[in-house]
Amino acid sequence: MSQQYIIYADSDKCRGCKKCELACIASHNNVTIKEAAKLRKTHEPRVHVVKTDALKMPVQCRQCKEAPCALVCPTHALIQNDGGKVIMRTEFCAGCGLCVMACPYGAISKSFVEITEDEKHRLERKDPRLIAVRCDLCEQWRKDEGKEASACIEACAFGALRMIPLEEYRAIMNGENPIAHTALEKIENNNQN
């Protein structure tokens, strides 16, 4: 089985510039960053920057062990593979929004996407359709562009985002890694003050 990856966000390095959001829109719509800024009102990024007084943090799919989104998906558009990675199969998405409500991190949103040539014939339609979208590590964009890292990682000038193995990410979240809960500790300390 091949290595599963996830994007790790370091809140201590994030400046809240939202360049990752624009890069996400650009990579998933095959446009430039400048054009992505114009699409911002109509196209949802798959990473969202959350800003509070105490924290700035990009939020994207956390690859939950027993992913609520995959458990509630009535069409099995969201599934969890044998390695535990949550995978979105857009061709099965009905756009019902159950996964959006089930995600504890707010990492899934609904967005209109262009349909493929195959879908045009199969669905007998050509207009965009509304589906659930979440971080897919820019798999198609990386393949097309020959890139190792996702668009959001490339766009982050502060090094707040990096791609790490899923097992390493889960170890961090379980406190089994020295860089473990810096963001969580920061939030807890601010809540106590």
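**Figure 1. Overall view of the predicted model.** Among contacts (heavy atoms within 4.5 Å) between residues at least 6 apart in sequence, 55% join residues at least 24 apart. This is a predicted model: local features need pLDDT of at least 70, side-chain atom pairs count only at pLDDT 80 or more, and totals for chains, interfaces and linings use all residues. Residues are numbered from 1 along each chain as its sequence is written, and side-chain values use heavy atoms, with hydrogens and water left out. The protein has nine helices and eight strands. Both are DSSP runs numbered from the N terminus: helices are H or I with at least four residues, strands are E with at least two. The C-alpha atoms fill a box of roughly 55 × 40 × 35 Å along the principal axes. The radius of gyration, taken over C-alpha atoms, is 17 Å. A compact globule of 193 residues would have a value near 16 Å, so the two agree; the globule rule is 2.2 Å times the number of residues to the power 0.38. Accessible surface comes to about 11300 Å², of which 51% belongs to carbon and sulfur atoms. The areas come from the Shrake-Rupley method with a 1.4 Å probe; for residues, only the protein chains shown count as cover. Buried residues make up 41% of the 193. Buried means under 20% relative accessible area, exposed over 50%, and partly exposed in between (1.4 Å probe, protein chains only).

Figure 2. Strand β7 spans residues 129-133 and includes Arg-129. Arg-129 counts as buried because its relative accessible area is 8%. Its side chain reaches two backbone oxygens. The oxygen of Thr-90 is at 2.4 Å. That of Cys-93 lies 2.8 Å from a polar atom of the Arg-129 side chain. A polar contact is a pair of N or O atoms within 3.5 Å; within protein, one must be able to donate a hydrogen and the other to accept it, and residues adjacent in sequence count only if both atoms are side-chain atoms. Leaving aside neighbours within four places in sequence, Arg-129 is also in contact with residues including Glu-91, Ser-111, Phe-112, Glu-119 and Leu-123.

**Figure 3. Helix α1 and its packing partners.** Helix α1 covers residues 19-29, and eight of its eleven residues are buried. Among them are Cys-20, Leu-22, Cys-24 and Ile-25. The buried residues pack against helices α2 (33-39), α6 (139-145) and α7 (151-155). They also pack against strands β2 (48-51), β3 (56-59) and β8 (161-165).

Figure 4. Asn-29 sits in helix α1. Asn-29 is partly exposed, at 29% relative accessibility. Leaving aside neighbours within four places in sequence, Asn-29 is in contact with Leu-39 and His-43. Asn-29 and Glu-44 are 15 residues apart in sequence and 10 Å apart in space, C-alpha to C-alpha. Asn-30 lies in the loop between α1 and α2. Asn-30 is not a glycine, yet its phi is positive, about 55°. Asn-30 counts as exposed because its relative accessibility is 70%.

**Figure 5. Leu-137 in the loop between β7 and α6.** That loop holds Leu-137. Leu-137 has a positive phi of about 60° although it is not a glycine. At 6% relative accessibility, Leu-137 counts as buried.

**Figure 6. The largest nonpolar core, around Leu-161.** A nonpolar core is a set of buried Ala, Val, Leu, Ile, Met, Phe, Trp, Tyr and Cys residues joined through side-chain atoms within 4.5 Å. The largest has 17 residues. Those with the most contacts inside it are Ile-7, Cys-20, Cys-135, Cys-152, Ile-153 and Leu-161. Elements β1, α1 and α7 each give two or more residues to this core. Not counting residues up to four places away in sequence, Leu-161 touches residues including Ile-7, Cys-20, Pro-58, Cys-152 and Ile-153. Apart from this core lies another, of 16 residues, including Ala-70, Cys-73, Leu-78 and Cys-93.

Figure 7. Four of the five residues of β1 are buried. β1 and β8 pair in the antiparallel sense over five bridges; pairing requires at least two bridges found by DSSP. Ile-7 has Met-163 in β8 as its bridge partner. In helix α8 (residues 166-173), Leu-166, Tyr-169, Arg-170, Ala-171 and Ile-172 are buried. The buried residues of α8 pack against β1 (5-9), β4 (78-80) and β8. Just after α8, Gly-175 takes a positive phi of about 75°.
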